[in-house]
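User: I'm new to protein interfaces. Could you show me how to read one?

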Amino acid sequence: MERVPVLKIGDILLVSIQIDMEDQTALQLQEDLAEKIVATGCHGVIIDISALDIVDSFVGRTLATIAAVSRVLDAETVVVGMRPAVAITPVELGLSLPGIRTALNVDLGIEMLAFSRDGAWAEDAEDDENEADPAAVPTP
Amino acid sequence: MALSPEESGRLADLLKEHADGLVGRWAELVGVTLQGRMTRPELERQTRELQRGFQQAFAAGARDLADEEAAELRAQLGELSATRARQGFSANETAVSVFAFKQVLLGILGDAADVQTLRDYVAFTAFVDQAALLTFDTFVRVREALIADQAEQLLELSTPVVKLWEGVVAVPLVGTLDSARAQVVMERLLQTLVDTGSPYAIIDITGVPAVDTQVAQHILKTVVAARLMGADCVISGIRPQIAQTIVALGIEFGDIATKASLADALRYVLGKNSYKVVVAKRTER
Amino acid sequence: MKEEPRRIPVATDQDVVRVRQLVRTVAVEAKLSLVDQTKLVTAASELARNTLVYGGGGIVEVYGVRNDFRAGIRIVFADEGPGIADLELALTDGYTTGGGLGLGLSGARRLVDEFTIETAVGQGTTITVTKWCR
């Protein structure tokens with residue numbers, strides 16, 4: 001059975017699922033992540049599923065469980081990179097993935113975690129946009 | 001019912017012998033059905049080609065329209081039918097042009113009252129019926145291809161997904177949305193979100209005259225799918241009648257943001273991004 | 001018209017993955033749109049898992065079909081497990097006996113164009129699904 005690697009980057013655990021997972025692999029990932037969160041004390045988990053070509057009810061349930069378990073362990077989970085065709089399917093399947101936060105890509109996922117941790121957007125983002133258009137001023 | 005070899009031989013001779021009279025009379029008959037929508041010389045050219053086609057097929061020994069010997073005739077009939085379909089003639093008018101051949105031949109047979117002539121004629125009419133059916137078939141197929149082409153063109157010219165701001169894309173929907181088009185548009189929108197990395201999308205339906213349950217479902221599904229991908233959708237430009245319909249149909253828009261106009265939607269999205277839209281101070285000129 | 005089916009016995013987790021990959025290959029060959037491919041593969045994944053978990057393993061057959069109007073793909077999932085006692089209940093969203101989300105059968109049905117199910121208690125279950133090209 002293959003195993004999905006969990007990488008630690010700063011305060012974030014990054015998981016990029018690059019294989020067509022067996023159910024057992026998904027369950028293993030769920031366990032690995034819980035242990036890694038406790039071992040590292042990370043407060044954010046990003047799961048990149050841009051390489052997955054389907055999300056069926058099993059994968060959906062695993063993602064939801066990971067998010068719930070992480071929350072109990074004081075870590076926020078963001079699922080990033082779901083493909084359009086993949087995103088249309090769970091809707092029809094009746095899978096709503098409640099409690100899972102999502103972002104378009106890893107960058108936005110990191111931003112989202114930073115935002116929810118500090119309660120504000122990262123400060124440097126503010127300056128870049130400021131000069132671009134005088135009609136739209138960021139609120140202080 | 002296939003012709004006997006003798007029958008096709010005799011028919012070939014008959015068609016050859018009376019070629020000119022036949023073409024003239026045939027063109028005249030077809031002209032009546034088509035009511036002057038084609039010129040006489042054009043009609044005569046067409047019927048002459050057909051007459052020659054039939055004659056050659058019989059001379060080559062064709063006993064059935066499906067035979068190898070009638071391949072050229074089949075191609076001719078197909079071509080004629082396809083042309084007529086594109087010119088906007090009805091299937092009826094096209095088939096009648098072929099059926100008229102029977103009447104013409106009857107005229108040529110004259111007063112001959114022997115059994116053999118009768119047999120020939122019956123066999124011949126069966127052959128012509130096949131030919132007319134073939135034109136009918138081709139006609140329908142050409143028209144279907146035309147319709148499919150047009151539908152595709154419509155889809156293509158349908159809807160651009162435009163970038164409104166850094167991180168904000170919009171789809172201005174214009175015209176009637178059927179289920180197929182709604183699906184294409186929505187798939188394109190989702191793809192654009194990924195390609196541009198935009199976390200916000202505005203679906204503007206100002207130009208949509210009516211929304212039925214299916215279309216509303218498509219829009220809702222798109223919004224949910226976009227959320228799964230990590231993007232938020234705002235629906236703008238809902239007209240009063242459409243709002244009425246949505247409520248009457250019992251469609252739940254739930255917690256999806258709806259705004260009256262595209263401008264409101266943009267302001268709302270910018271606000272969520274911690275922007276505030278204010279009037280710029282004018283400098284004296 | 002019916003071509004030779006490609007069959008995969010389903011006995012392990014790994015086989016479910018192989019079913020997904022086979023269905024994906026056939027769907028690409030049949031020129032299904034990307035969204036339809038995804039829907040069909042997802043449905044196949046759900047049903048193959050059911051075959052494994054509830055049916056105790058079985059056989060999956062995939063083949064291309066064609067009617068007068070269009071081409072499509074048909075997949076048959078057959079097991080010789082305990083069968084389904086209350087079909088209507090099994091097709092209800094959220095009902096499960098196996099600890100899943102209860103979306104396998106009902107969800108898969110929504111993802112395909114045709115869905116038939118033959119089952120009897122003690123005699124196994126055969127589910128046939130078809131997806132047509134648009």
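**Reading the two interfaces of chain A**

Analyst: Chain C and chain A bury about 2000 Å² between them, with 54% of it on carbon and sulfur atoms. Buried area is the accessible area (1.4 Å probe) that two parts lose on being put together, summed over both. A heads-up: this is a predicted model, where local features need pLDDT of at least 70, side-chain atom pairs count only at pLDDT 80 or more, and totals for chains, interfaces and linings use all residues. Residues are numbered from 1 along each chain as its sequence is written, chains are lettered from A and ligands numbered from 1 in the order in which they are written, and side-chain values use heavy atoms, leaving out hydrogens and water.

User: How many residues of chain C and chain A take part in the contact?

Analyst: Contact means heavy atoms within 4.5 Å. Here chain C brings 23 residues and chain A brings 20 residues.

User: And how many salt bridges does the rule find between chain C and chain A?

Analyst: A salt bridge is a side-chain nitrogen of Lys or Arg within 4 Å of a carboxyl oxygen of Asp or Glu. The rule finds six across this interface. One salt bridge joins A:E92 and C:K39 (3.5 Å, N to O).

User: Which helices of chain C each supply at least two residues to the side that touches chain A?

Analyst: Helices (H or I, at least four residues) and strands (E, at least two) are DSSP runs, numbered from the N terminus. For chain C, they are α1 (13-29), α2 (34-53) and α4 (104-111). The largest share, nine residues, comes from α2(C).

User: What about chain B and chain A: how much area do they bury?

Analyst: About 2000 Å² between them, 67% of it on carbon and sulfur atoms. On the chain B side, B:L228, B:M229 and B:Y275 lose the most area to chain A, together 33% of what that side buries. Chain B puts 24 residues into the contact and chain A puts in 23 residues.

User: Which residues form a salt bridge there, and how far apart are the closest N and O atoms?

Analyst: The count between chain B and chain A is one salt bridge. A:E92 pairs with B:K221, the closest N and O atoms being 3.0 Å apart. On chain B, α7 (179-196), α8 (213-229) and β6 (275-277) each supply at least two residues of the side that touches chain A. The largest share of that side, six residues, comes from α8(B).
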